[in-house]
Amino acid sequence: MSESTEIVQELLQSVAVDKDYRTESLTLLEAGESRYLRDLKLNLTSTLTSEKLTTKECALIGLTTAINNNNKPLTIYFTKYAEEQGATPAETAEAAGCASLLASNNIFYRFRHFTQKEKYTQIPARIRMQLMMKPVTGKEFFELMSLAISAVNGCEMCVNAHEDSLMKLGTTEERIFDAVRIASLVTATGKIIF
């Protein structure tokens, strides 16, 4: 067995996916004996820990990101991992809701930002956001998940608004940075395992 195949199997095992599972991108990395496979495995492992986030928070950020990216294997993995870290069904549901709500908000507010027309800022959005009002994960953490998803979705206006809210709530920049780092690494893994 080649070193690449061994790393692929370790990577797949780490997310509870059958060792024979392959995607086109994973096959390309394996066949090319890519050094990136080791980085990918280590990067994914680093999404599970943080000095500024609890393990449960890391898992929920991983989950909302996987759902946002429509990634079934990683959604299954992060759901189980979040549950193992003590996440309740209401908290995992909120991670799913956050991904969905931010999908609409990010598109809507990117549109407003891109067009820069005053008229569009005057028309009511008519998007219900009750989930944001009293989140079961707490206002600060819901804002953190929202910021991470907004960064993944590339909405500058939403990133700035959520980062500002987090600063007003007393969140540290290191905590924010770690949330976005985790979302970026889950997204990167999802380009290979999907």
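Student: How far apart do the centres of the positive and negative side chains lie in the protein chain?

Tutor: This is a predicted model, in which local features need pLDDT of at least 70 and side-chain atom pairs pLDDT 80 or more, while totals for chains, interfaces and linings use all residues. Residues are numbered from 1 along each chain as its sequence is written, and side-chain values use heavy atoms, leaving out hydrogens and water. Lys and Arg count as positive and Asp and Glu as negative, without His and the chain ends, each charge being placed at NZ of Lys, CZ of Arg, CG of Asp or CD of Glu. The protein chain has 21 positive and 24 negative side chains, and the centres of the two sets are separated by 9 Å.

Student: Is Phe111, which pairs with Tyr120, buried, partly exposed or exposed?

Tutor: Phe111 and Tyr120 form a tilted aromatic pair, with 4.8 Å centre to centre and 55° between the planes; rings of Phe, Tyr and Trp (its six-membered ring) pair if their centres lie within 6.5 Å, with planes under 30 degrees apart stacked, over 60 edge-to-face and the rest tilted. Buried means under 20% relative accessible area and exposed over 50%, with partly exposed in between (1.4 Å probe, protein chains only). Because its relative accessibility is 38%, Phe111 counts as partly exposed.

Student: Which residues form one aromatic cluster with Tyr77?

Tutor: Tyr77 and Phe78 are both buried. The cluster that holds Tyr77 also contains Phe78 and Tyr81.
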